[in-house]
Structure formats: C-alpha cells, structure tokens
Amino acid sequence: MNITFRLDSGNISQIGSGHFYRALKLAKIIKKNAYKRAKIYFAVSNLTKKYERKIIKKNKFKIINVPKKNLDIKKEVKDISFNKPKIIIFDQLNTSKKLIISLKKTGAKIISFDDLGSGSKYTDLTINSLVKKTKYRNCYYGYDYLIFNKIKKIKIKKNIKNIFLFFGRYDKKKLTLKFINFKKKLNNNFTFHIVVFNKIKLKNKKNIKIYYKPVNFNKILQKSDMAVTSGGLTMIESLNAGIPTIASVQFSHQKRNIKILSKRKILKSHLPQRFFSERKFIEVFKSLCKNFNERKRLSYKSKKNINNLGEKKS
C-alpha cells in the first residue's frame, strides 16, 4: 500500500514547521502500528527546504516533487497520484475543492488536517483540532484530535531560571526582534533560550542563547521553566508538558485558540489587545514570573486539559 502526505514547510506565511512535524509523527505512527509494509511518500514543493527534506529521507520516506499549492492542479494531481496511493493525507491550511475532487477520482481516500479551504467539505475525513468548527459531516473538531510531539512533563520550580522563546518557523510579526529590543525591561536573572529558523542578526549575549534550526528542539523546551510562543503546535506541546506559557498571535486562526485557552485559564496572553502590545506583554510576563501559585495552577490545568488523544485515535 502507498500512502502520500501532501504538505509544505517553509519560511512563508502559514506553512510553518508545525504542519511538517505533525505529518512526520503521523507517518511514523502509521508505519509502526497500522501499515508496517506501507510505502510512505511526502509530496512537497520547492517551498520545503533542504533541512526538512533531509529529515524525510533520514526516516526512510520518499519525496515527490510537486508544484506550489494550487498553481497547477492538473500537474499536482498527476504527480501525487502517479504511484496510485490508497490514502492521501493533507496538512495544509487551505485545500481547494477542485484539487480534492480530482484526487478522489483516482480512487484514493483523502484525509485533511486543520483545513479551512473549500476542499475540506469534500474529503473522506477532515480533522480540525486547531481551527474553527465546520458543519460538514466528514469533519471532526476539537482538542481531543490533537497530534503532536510529547515531551516529558515538568515540575514547577519556585524560582525561574530558563525561559523558552519560539514564535514559529515564519515569524510574520517579527516578534523575536521585538522581544530582544525590550528584554532590558525584564528581569535579567533569567536565561532566555530563543529558537529561530530564519537568518536574522542575533548573537548570544549575556542571558540570551540563540539556537538556529536546533535538532534538539524538544530538549530545549523541556528544560524550560516558562515558555513564550506563538499560537501553533509548539504552544500545544508546551502546555501538554505543563510549562506555564504566554502565547502571542501570529496568524488570525491562532487567535481563536489562544482566546479559548486563555479564558479556560490554561495559558496567559496579551489578548484582548488587537495588536502585539509591548506594555501588555511586559505586564503579563512580570506578573506570571512573580506568581508561583499562578504558574502551578496553569501547569496543572494545562497537563489535565491538553492531551495527545489524537495519536490514539489515529
């Protein structure tokens, strides 16, 4: 049996690393538990960089090169279906109706994750764990369908030493640089561990460690006493580990999740501010750092409410 994943991962808007690592994890689960003899392919365009391509090959999956999303649907259908896959799994934010219908005509079953596009209505199964609810019968919705990389749960310390920062593979709002600029207004007793994927002018300084495309991403996160992230899957991984988390919105679809989780008192954010506010962020940051009981409560609630049931359901 052939199974093809269609996704991209790059330094452009709304196709960050979360889609890639979720698909990679699901591919490993399928290979290990469901279809051990399946041949798994990753259909990616030139938006996906060498870094991710090496990871795909390292895991002994094959690569299919396809055109950029929705630019040449006929060619994309031909490329994806050349090996007659039984299952095609999309992890893209916007699939098109034409593409999904065309692929279904090849006889393949179509599954899509976090899909806001017109194609989501026409798949065999759409799983929207992180985007808004739809009325389609083929769509399952909610945090119970999350699939992410689990890390070891942490114990809350009274004194904070290490703070993790990552604003996504594509830092649309340049939040990393904004943070560096106002870091002086924060407590300098902390060590900030900042992960970046774009080449920006940042150097290790006192109390600041910069990690460029780290292979030990989860280990850096796991050693943290607190995390500052955007609203993607890294936020979810941090919460699942019980790390007190402050989340900022990079894209419109992230705002909904941050708002819901903030209302449930699972994380902290600068919302309801429409735009990133330095004053509000510093206020929230300092308050959380000082309040040990608040961090304990956030850790307990996040461990309890953010689980990896989606992996079991898969």
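Biologist: Which residues form one aromatic cluster?

Modeller: This is a predicted model, in which local features need pLDDT of at least 70, side-chain atom pairs count only at pLDDT 80 or more, and totals for chains, interfaces and linings use all residues. Residues are numbered from 1 along each chain as its sequence is written, and side-chain values use heavy atoms, leaving out hydrogens and water. One aromatic cluster is formed by Phe179, Phe182, Phe190, Phe192, Phe281 and Phe285.

Biologist: What kind of pair do the rings of Phe179 and Phe281 make?

Modeller: The whole structure has 18 aromatic pairs (rings of Phe, Tyr and Trp, the last by its six-membered ring, with centres within 6.5 Å; planes under 30 degrees apart are stacked, over 60 edge-to-face, the rest tilted). For Phe179 and Phe281 the centres are 6.1 Å apart and the planes stand at 90 degrees, so the pair is edge-to-face.

Biologist: How far apart in sequence are the parts that this pair ties together?

Modeller: Helices here are DSSP runs of H or I with at least four residues, strands are runs of E with at least two, and both are numbered from the N terminus. Phe179 is in helix α5 (residues 175-182) and Phe281 in helix α9 (residues 278-290), so the parts tied together are separated in sequence by 102 residues.

Biologist: Are Phe281 and Phe285 buried or exposed, and is their pair stacked or edge-to-face?

Modeller: Phe281 and Phe285 both lie in helix α9, 4 residues apart, or about one turn of the helix. Phe281 has a relative accessible area of 1%, and both residues are buried (under 20% relative accessible area with a 1.4 Å probe and protein chains only; exposed is over 50%, partly exposed in between). Phe281 and Phe285 have ring centres 5.9 Å apart and planes at 25 degrees, so this buried pair is stacked.

Biologist: Which residues does Ile160 touch, leaving aside those up to four places away in sequence?

Modeller: Ile160 sits in the loop between β7 (139-141) and β8 (162-166), and is buried at a relative accessible area of 10%. The C-alpha atoms of Ile160 and Lys290 are 9.1 Å apart, although 130 residues separate them along the chain. With contact meaning heavy atoms within 4.5 Å, Ile160 touches Phe190, Asp225, Met226, Cys289 and Arg295.

Biologist: How many disulfides does the structure hold?

Modeller: Cys139 is buried, with a relative accessible area of 13%, and Cys289 also counts as buried at 13%. A disulfide is a pair of cysteine sulfur atoms within 2.5 Å. The number of disulfides in the structure is 0.

Biologist: How many residues of α7 are buried?

Modeller: The buried residues of α7 are Leu233, Thr234, Met235, Ile236, Glu237, Ser238, Leu239 and Asn240. Just after α7, Gly242 has a positive phi of about 80 degrees. The helix α7 is mostly covered, and its buried residues number 8 of 8.

Biologist: Which helix gives the most to the lining of the largest pocket?

Modeller: A pocket is an open set of points on a 1 Å grid over the protein atoms alone, where a 1.4 Å probe fits, with protein on both sides within 12 Å along at least five of seven lines; lining residues have an atom within 4 Å of a point. At least two lining residues come from each of α1 (17-34), α2 (50-58), α6 (217-222) and α7 (233-240). With 10 residues, the helix that gives the most is α1.
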